[in-house]
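Here is a short tour of one chain, written for someone meeting it for the first time. Have a look at the structure, then read on.

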Amino acid sequence: MNAKKILLRWMSLNGHAVSIQADNPPKPVRAITSSIKGRRRIHIGTTAMPAGLISILPLIISFVFLHICSAQEGAEWNVEKSSHFIVYYKEAPEDFIKHVIGNSENYYHRIASDLGFNRYNFWLWDERAKVYIYNNILDYQVATGQPFWSGGNASVKDKIISSFPYAHDFFETVLAHEMGHIIFREFVGFDNNAVPLWLDEGVASYQERSKYSQADTLVREAIGSGKFIPLEKLPQIGEQFSMPADTAQLFYTESFSAVDFLIKKFGKDKFVTFCQSLRDKKSMDRALASSYSFSDVGQMQEAWKKYLEN
Ligand SMILES: [Zn+2]
């Protein structure tokens, strides 16, 4: 089904040359995706090919493509286990898998203590999180149905992370971000509608801090240029796919900066109390009021903007 979708997209492109590009990709939906950083291109050129061959090229591509996909789907998963993770992979290098295990175990402890979340359930035995490492970007897209710019995704409730080995920032971005989502949602509740999208993404993005070192400056600039998006207007789930890339970028930057502000300015303990109030089914405004001196999100936003000015 997914293979078919991707194939259709390929075929709908110029029939002779196909270019899949992840350049300035939009960041993804909620707990589900992280984008690829940098530029990746796959070109299938047709230079100097006979006209007859060109006309049947899409068919050849589709045959080879589906053949490769089905071969990959049929291959057995290799399994590597640690205390809190089970990693499934096919052809990914063993070194890479060892790093996946090592980094996942580190994040398991670091993220919870970083956010001040005391763990009450441990990811042991059957509760271990699963990480699926696909062979490459195409294999990953076919299996998960993720968009072309996605570098990884998490099924938060099932504690499943899917990705593929690629550039150096896999561990610092995709893995950290997706684990941030799982740990945060485990704490505040998976079906908790009081948690706004900016908080969800802000906490996950907070795990990739090095990537957001310029966040405050960028938000300040957005305020100055009138591009700033008020927190309550930040897009809802589902609309993100249609956001232009720069809006998506600003959305994630603002989400990070707002969470960073709450933790830096008022400390971890208050942030934990705030999240606990949300977990205990208080509304966003009541949770803010019980931990901070803001009566609602609007007041918190004003304080955050003021903080950025200094
Ligand atoms: Zn996310």
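## Lys281 and its loop

Let's start with Lys281, which sits in the loop between α9 (268–279) and α10 (284–291). Helices here are DSSP runs of H or I with at least four residues, strands are runs of E with at least two, and both are numbered from the N terminus. Lys281 counts as exposed because it has 12 C-beta neighbours inside 10 Å. The cut-offs go like this: a residue is buried if 20 or more other C-beta atoms lie within 10 Å of its own, exposed if 12 or fewer, and partly exposed in between, with C-beta atoms placed from the backbone.

Along the sequence, Lys281 and Asn193 are 88 residues apart, yet their C-alpha atoms are 9.0 Å apart in space. Lys281 also has a positive phi, about 75 degrees, although it is not a glycine. Most residues other than glycine have a negative phi.

## What kind of model this is

This is a predicted model, in which local features need pLDDT of at least 70 and side-chain atom pairs count only at pLDDT 80 or more, while totals for chains, interfaces and linings use all residues. Residues are numbered from 1 along each chain as its sequence is written.

## The chain as a whole

The chain has 11 helices and eight strands. Of its 310 residues, 33% are buried. Take the contacts with a separation of 6 or more: 67% of them are between residues 24 or more positions apart. A contact here means that the C-beta atoms of two residues, placed from the backbone, lie within 7 Å.

Strand β4 (residues 78–81) pairs with β5 in the antiparallel sense over four bridges, and the two form a hairpin with three residues between them. To count as a pair, two strands need at least two bridges found by DSSP. In this pairing, Glu80 stands opposite Val87 in β5. β5 has two faces: Phe85, Val87 and Tyr89 make up the covered one, and Ile86 and Tyr88 the uncovered one.

Next comes β6 (residues 129–133), a mostly covered strand with four of its five residues buried. β6 runs parallel to β5 (residues 85–89), joined by five bridges. Here Ile86 stands opposite Lys130, and Tyr89 has Ile133 as its bridge partner. β6 is also joined to β8 (residues 160–163), again in parallel, by four bridges. Val131 has Ile161 of β8 as its bridge partner.

Trp125 lies in the loop between α3 (94–115) and β6. With 8 C-beta neighbours inside 10 Å, Trp125 counts as exposed. Trp125 is not a glycine, and its phi is positive, near 50 degrees.

## Where α6 meets α8

Two packed helices are described by the angle between their axes and the distance between the axes. How do α6 and α8 cross? The axes of α6 (residues 197–206) and α8 (residues 245–266) come within 7 Å and cross at roughly 80 degrees. Axes are lines fitted to C-alpha atoms, for helices over the stretch in contact, and angles run from 0 to 180 degrees between N-to-C directions. The two helices are therefore roughly perpendicular to each other, a label that covers 65 to 115 degrees. Residues making the contact include Trp198, Leu199 and Val203 of α6, and Tyr252, Phe256 and Val259 of α8. By class, the contact has eight nonpolar, three polar and three charged residues. Ala, Val, Leu, Ile, Met, Phe, Trp, Tyr, Cys and Pro count as nonpolar, Asp, Glu, Lys and Arg as charged, and the others, Gly among them, as polar.

At 1.5 Å a residue, the 22 residues of α8 should span 32 Å, which agrees with the 32 Å between its end C-alpha atoms. That expected span is 1.5 Å times one less than the number of residues. Just after α8, Gly267 takes a positive phi of about 90 degrees.

Glu208 is in the loop between α6 and α7 (215–225). Is Glu208 buried, exposed or partly exposed? Glu208 has 19 other C-beta atoms within 10 Å, so it is partly exposed. Not counting residues up to four places away in sequence, Glu208 touches Glu172, Thr173, Ala176 and His177. Leu175 is 33 residues from Glu208 along the chain, and their C-alpha atoms are separated by 9.2 Å.

Definitions and conventions:
Angles under 35 degrees count as roughly parallel, over 145 as roughly antiparallel, 65 to 115 as roughly perpendicular and the rest as oblique.
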